[in-house]
Amino acid sequence: MQIADDVLIRESVREPEQFGPLFDRHAEAIHRYLARRIGAHADDLLAETFLIAFRRRESYQPLGLEVRAWLYGIATNVLHHHVRQEERRYRALARAAAEEPRTHADDSVDDRVDATALRADLAAALAKLKARDRDALLLLAYAQLSYAEIAATLDIPVGTVRSRINRARKVTRAALGSLASEVEK
């Protein structure tokens with residue numbers, strides 16, 4: 001039987017090696033989230049996230065949600081320190097994708113617009129979002145957290161999460177313009 005995450009945190013205060021299974025359980029998902037957000041620096045940010053979690057394990061307070069929301073919160077805060085790099089990355093992706101030739105093997109097939117055609121516009125739209133709105137949207141999209149988990153992660157009310165995600169979706173849809181409506185068909 002697997003020991004619950006919150007129990008492992010409490011036990012790791014007395015026996016630090018008990019923190020290891022938390023890393024084993026959650027590192028891959030947290031890394032995936034960080035990699036999608038920041039790219040090549042994900043390994044460093046993952047290490048920093050778990051180092052902070054280890055140092056703060058005594059102050060962990062269960063909120064009726066999984067420990068993973070707490071870890072995503074730490075990871076998101078670590079990201080805030082690197083947000084300028086993230087914004088530069090999205091701008092670079094937008095420029096690079098805009099420079100790529102957009103060719104289709106068969107243009108007569110309903111003039112489909114695929115995800116590759118949207119990449120530059122999506123990256124530019126994400127770069128334009130306020131950091132707090134982008135955090136909420138990407139925790140939903142990349143980490144697949146529920147609104148309640150996002151609220152716990154960002155230490156904000158669920159209503160604020162809904163507002164931020166709604167605002168981020170509106171800004172993103174507006175930035176994508178007609179391309180978004182083509183993909184939705």
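Among the contacts in the protein with a separation of 6 or more, 64% are between residues 24 or more positions apart, a contact being heavy atoms within 4.5 Å. The model is predicted: local features need pLDDT of at least 70, side-chain atom pairs count only at pLDDT 80 or more, and totals for chains, interfaces and linings use all residues. Residues are numbered from 1 along each chain as its sequence is written, and side-chain values use heavy atoms, with hydrogens and water left out.

**Exercise 1. State how many helices and strands the protein has, and what share of its residues is buried.**

Solution. Step 1: assign helices (DSSP runs of H or I, at least four residues) and strands (E, at least two), numbered from the N terminus. The protein has 10 helices and 0 strands, giving the pattern α-α-α-α-α-α-α-α-α-α along the sequence.
Step 1: classify residues by relative accessible area as buried (under 20%), exposed (over 50%) or partly exposed (in between), with a 1.4 Å probe and protein chains only. Of the 185 residues in the protein, 39% are buried.
Step 2: take the total surface by the Shrake-Rupley method with a 1.4 Å probe. The protein exposes about 10,800 Å², of which carbon and sulfur atoms supply 50%.

**Exercise 2. Determine how many aromatic pairs the whole structure holds, and characterise the pair of F23 and F50.**

Solution. Step 1: pair the rings of Phe, Tyr and Trp (its six-membered ring) whose centres lie within 6.5 Å, calling planes under 30 degrees apart stacked, over 60 edge-to-face and the rest tilted. The search finds 4 aromatic pairs.
Step 1: F23 and F50 are edge-to-face, at 4.9 Å centre to centre and 75° between the planes. This pair links distant parts of the chain, since F23 is in helix α2 (residues 20-38) and F50 is in helix α3 (residues 42-55), 27 residues apart.
Step 2: F23 is partly exposed, at 36% relative accessible area, whereas F50 is buried at 6%.
Step 3: for Y60 and W70, the centres are 4.9 Å apart and the planes meet at 65°, so this pair is edge-to-face. Y60 lies in the loop between α3 and α4 (67-80) and W70 in helix α4, 10 residues apart. Y60 is buried, at 10% relative accessibility.

**Exercise 3. Explain why α4 is described as largely enclosed by the rest of the structure.**

Solution. Step 1: 11 of the 14 residues of α4 are buried, so the helix is largely enclosed. Among them are V67, R68, L71, Y72 and I74.
Step 1: check the span, expected as 1.5 Å times one less than the number of residues. The 14 residues of α4 should span 20 Å, which agrees with end C-alpha atoms 20 Å apart.
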